[in-house]
Amino acid sequence: MNVHESEKLYAAFAREGVTAADGMENADIIVFNTCCVREGAETRVLGNLGPVKRLKAERPDIIVAVCGCMTQQADIADKLHKRCPFINIITGTYSLGALPQMVKAVEAGEKFILDLAVDESVPGGVDEAAPSVGVNRFVNIMYGCNNFCTYCIVPYVKGRERSRRAEDIRRETEMLVRGGAKEITLLGQNVNSYRDESGRDFYALLSMLAEIDGKFWIKFMTSHPKDLSENVIRLIGREDKLANYIHLPVQSGSDTILKKMNRGYDSASYLKKIDAVREHIPGAGITSDIIVGFPTETEEDFRATLALVEKVRYNNLFMFIYSKRAGTPAAAMDEQIPEDVKKARIAELIGVQAKIANELAEEHIGLTCEALCDGRGRRATAKTSDDRVIVFDDEGRDLYNEFVTLEITAAENSKLYGRLRK
Ligand code: SAH
Ligand code: SF4
């Protein structure tokens with residue numbers, strides 16, 4: 001989501017005639033689009049501001065802006081302003097589109113702009129195609145979140161759940177497909193609770209998008225396990241354009257912890273959804289997020305997480321050490337887990353997942369599959385419908401953004417290697 005917001009920010013600047021610099025040293029405008037989901041991301045921003053301060057001392061005309069969900073928090077914005085008075089603009093998540101205008105105001109002499117205004121309106125119409133980082137094109141389908149998982153800061157900085165009109169999303173997707181996009185990823189904190197003003201739900205939206213002409217794949221993130229319906233799972237199984245891939249974050253395998261996290265499901269109902277995915281979407285790629293070291297997590301709770309991971313056998317797992325986020329209920333819970341315990345647990349989990357990913361990769365040797373090429377050269381890469389990456393030699397042909405057929409010939413450290421079939 002953050003990547004896509006940066007893409008849109010880039011497009012907004014491009015409309016004003018601003019072009020990309022080839023590095024920070026040569027830039028006239030430096031923008032940090034921040035994320036506050038975990039403390040690590042915040043620390044990184046502060047670390048990166050050091051070199052900017054030095055640059056700004058040499059070239060006082062550089063305009064420095066910090067925006068995004070970290071600075072949406074008024075106390076953090078205030079601290080940042082005091083600590084780094086050289087920053088010209090601090091904005092939150094709602095006013096990103098206005099940044100080029102703010103830059104103009106600074107150019108015209110304004111010293112400092114702070115804009116943390118909250119605006120939960122949903123813009124109508126179609127976002128123009130923003131330049132993308134890879135072949136994948138993102139389409140926002142909704143903003144905000146209503147779930148208030150107890151560890152998570154997102155609902156506080158992104159506001160309540162609101163969906164874009166299905167018709168706008170269809171037009172935007174069509175425009176991207178006509179422009180050559182072959183992979184579209186729909187974005188929302190909880191796509192399964194999508195519902196637009198005319199009452200269209202996620203099933204209706206996916207059905208609409210699957211009718212668009214052309215050869216392309218639709219992926220989406222994130223699916224909340226409590227809201228993923230069997231109808232949607234069956235639809236993915238039926239429609240070729242809906243990729244055989246689902247990111248279904250479980251967060252923990254312990255029912256006690258899931259309850260304290262306010263996730264709205266237990267491990268048994270989660271595993272039932274996984275069974276339904278496997279039944280209706282043959283060969284589905286399933287990935288997940290896991291947090292270790294949530295307050296009060298016992299060794300037994302953690303063992304339950306390991307057991308669930310062994311049972312599901314995810315393609316890929318995004319593993320996080322619990323990070324205390326001020327203002328969330330979990331931050332105020334007693335029994336925070338010591339750092340060394342969290343680190344030992346994540347190391348063990350990483351080991352278990354690496355073994356599973358290796359085994360799954362080995363099982364793929366000999367298979368032939370279709371994949372969308374997103375790299376060039378002797379170590380070009382392509383991604384399958386089930387979201388696996390295959391490294392292959394493109395034999396000097398430029399296949400970027402083309403569908404290719406690859407035979408998987410080897411697996412190493414959970415990576416797949418393939419050979420072009422045509
Ligand atoms: N809306 C999505 C994900 C949002 S944040 C969902 O519900 O799955 C992405 C991931 O960051 C989460 O799935 C969670 O695993 C992780 N995360 C969120 N808050 C965190 C925290 N305080 N500490 C560690 N990881 C966190
Ligand atoms: Fe955060 Fe939970 Fe909302 Fe995801 S569903 S953004 S984890 S509160």
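Lys383 is partly exposed, at 24% relative accessible area. This is a predicted model in which local features need pLDDT of at least 70, side-chain atom pairs count only at pLDDT 80 or more, and totals for chains, interfaces and linings use all residues. Residues are numbered from 1 along each chain as written, and side-chain values use heavy atoms, leaving out hydrogens and water.

**View 1. Lys383 meets Asp387 in a salt bridge.** The closest N and O atoms are 3.7 Å apart; a salt bridge is a side-chain nitrogen of Lys or Arg within 4 Å of a carboxyl oxygen of Asp or Glu. Asp387 is partly exposed too, at 21% (buried is under 20% relative accessible area, exposed over 50%, partly exposed in between, with a 1.4 Å probe and protein chains only).

**View 2. Lys219 and Glu183 form a salt bridge at 3.2 Å, N to O.** Lys219 belongs to strand E9 (residues 217-221) and Glu183 to strand E8 (residues 183-187), so the pair ties together parts 36 residues apart in sequence. Strands are DSSP runs of at least two residues, numbered from the N terminus. Lys219 is buried at 2%, and Glu183 is buried at 3%.

**View 3. Arg376 and Asp398 form a salt bridge at 3.0 Å, N to O.** Here Arg376 is exposed at 51%, and Asp398 is exposed at 53%.

**View 4. Ligand 1 sits among 15 residues (a heavy atom within 4 Å).** Among the closest are Gln189 and Asp289. A side-chain N or O atom of Asp289 lies 2.6 Å from a ligand oxygen, and a backbone N or O atom of Gln189 lies 2.8 Å from a ligand nitrogen.

Conventions
Chains are lettered from A and ligands numbered from 1 in the order in which they are written. A polar contact is a pair of N or O atoms within 3.5 Å; within protein, one must be able to donate a hydrogen and the other to accept it, and residues adjacent in sequence count only if both atoms are side-chain atoms. Helices (H or I, at least four residues) and strands (E, at least two) are DSSP runs, numbered from the N terminus.
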